[in-house]
Amino acid sequence: MRKAMMHLAQFLCHGPTYHSVAMWRHPRTRAAGYDWSRPELYQHIARTCERGRFDMVFFADLNYISDTFTGSMAPALRNATQAPEHDPIPLISFMAAVTEKIGLGATYSVSHQHPFHAARLWATLDHLTRGRAAWNVVTSLNHNQAANYGEEYKPTDDRYDRAHEFIQVCRKLWDSWDEDAVVMDHEAGIFADPDKVHRIEHDGQWFKSRGPLNVVRSPQNGPAILQAGTSGKGKDFAARYADAVFAIQPNLAGAKALYDDIKSGVVNAGRPPEACKILCGMQPIVGSSRAEAEDRQAEHNALVPLEGGLAILSGHLDFDLSTLPLDTIMAHRTEPKLQRMQTRYRSLTGELLTLQQVAQNHGQSVGLPQMVGTAADIADQMEAYFDAVGGDGFMLSSIHSPGAIEEFVDLVVPELQRRGRFRREYSGATQRDHLAQDS
Ligand SMILES: Cc1cc2nc3c(=O)[nH]c(=O)nc-3n(C[C@H](O)[C@H](O)[C@H](O)COP(=O)(O)O)c2cc1C
């Protein structure tokens, strides 16, 4: 039987660190000499990933500098724990300008804006990229972000109820222009047929919008939708709307359970299971020999200060971990905020981890499993993980940038292609086409 093909995405932040808090000071990041605040770096990465035939490059985004750990911003600022983080949306246009095919995804929170603004922004990006835009719809995870917008931090269920309505308003707005609304009849002097552009008259629990959108129907009729969240309502959101989910599951059993859960939700929502792809995060560390790769892993992991790991983990949990001893077995804690990342509290093989271990892993890779070795070793590990989980692909996270991305594209991608596990060419042109390309 023919083996299933993988989907690949590259994780990025518009900042000095992505998942690894050591990235900004890694010797190879420094030697590469790029300025993280300039578009040239991201244009180079987009071209490299397109050469590797990736489904997409993908930006996370946060709108805060966390003071959750110790009640002070100092640990976050000292360690650059996803702080600073510049807005990724403008980079989509820069990256689109130098590429033809690769999907371009970015995170944009629905917790602080009006859906009209989001629908307009994303329809415009979908036009500018000729159908390559992907929107990671998040509801945000930290009181600092709510405070920056002058709001109270709402409970998860409320944020998702609002997110459901938010996306429904966006969809109505994207549908407010019929496909054939633009006539462009120069002789008769008719640009658009007024009967084919509709008000939406939305009046809901959270939002009102009259519509129509003042952007014509975009190539994908709005961007592809991505989601990352693990609560019941988060998964329900993915089941109904998402073209792909970004999952962080260091533990194989957990990854399989999440995969099955999301796929059955997608089916219950009336969609085929393959309509929503699940991309599991992982951090590849390639070497010309296994020993060299292990040296590189040790060098990188030793550059991660425990304070950085504790600060970024506290921010993501919105819980001050300086209140717990370092030998706390995290899976034994019962505080609701600490339940959010239960899957990070176990190793790949299932053993229970201490706070110190979880924080160290979080500083290294935000808990993503590291896959280490030669290109063939990494392809072996990817195949084993992929086949155990059931699919659909990986979100790759770098230990230094852009060199780790170049290495993966030049060494691991050809190995996966040789094994028939990754595409050699794009068959379509849009983000949704790539996510649907399974052979
Ligand atoms: C893998 C993953 C990546 C996420 N990335 C972001 C992000 O870049 N920006 C953000 O504001 N929230 C991000 N989130 C937060 C989620 O969107 C969501 O708000 C949060 O996880 C709470 O929802 P949940 O309880 O359903 O997980 C991420 C969550 C996960 C699981």
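Modeller: Let's start with a definition: a residue is buried if 20 or more other C-beta atoms lie within 10 Å of its own, exposed if 12 or fewer, and partly exposed in between, with C-beta atoms placed from the backbone. Keep in mind that this is a predicted model, where local features need pLDDT of at least 70, side-chain atom pairs count only at pLDDT 80 or more, and totals for chains, interfaces and linings use all residues. Residues are numbered from 1 along each chain as its sequence is written.

Biologist: Is Asp318 buried, exposed or partly exposed?

Modeller: Asp318 sits in the loop between helix H11 (306-317) and helix H12 (336-339); helices (H or I, at least four residues) and strands (E, at least two) are DSSP runs, numbered from the N terminus. Asp318 has a positive phi of about 55°, although it is not a glycine. There are 18 other C-beta atoms within 10 Å of Asp318, so it is partly exposed.

Biologist: And which class does Thr70 fall into, with its 17 C-beta neighbours inside 10 Å?

Modeller: Thr70 is in the loop between strand S2 (56-59) and helix H3 (74-79), and its phi is positive too, about 70°, though it is not a glycine. Because it has 17 C-beta neighbours inside 10 Å, Thr70 counts as partly exposed.

Biologist: Which residue does a cis peptide bond join to Ser401?

Modeller: Look in the loop between strand S13 (393-396) and helix H15 (403-418). Omega is about 5° at this cis bond, and the partner of Ser401 is Pro402.

Biologist: How are helices H2 and H4 oriented to each other?

Modeller: Two packed helices are described by the angle between their axes and the distance between the axes. Helix H2 (residues 39-51) and helix H4 (residues 89-97) pack at about 55°, with axes 9 Å apart; axes are lines fitted to C-alpha atoms over the stretch in contact, and angles run from 0 to 180 degrees between N-to-C directions. Angles under 35 degrees count as roughly parallel, over 145 as roughly antiparallel, 65 to 115 as roughly perpendicular and the rest as oblique. H2 and H4 are therefore oblique.

Biologist: Which residues of H4 make the contact with H2?

Modeller: Two residues are in contact if their C-beta atoms, placed from the backbone, lie within 7 Å. H2 brings Pro39, Tyr42, Gln43 and Ala46, and H4 brings Leu91, Phe94 and Met95.
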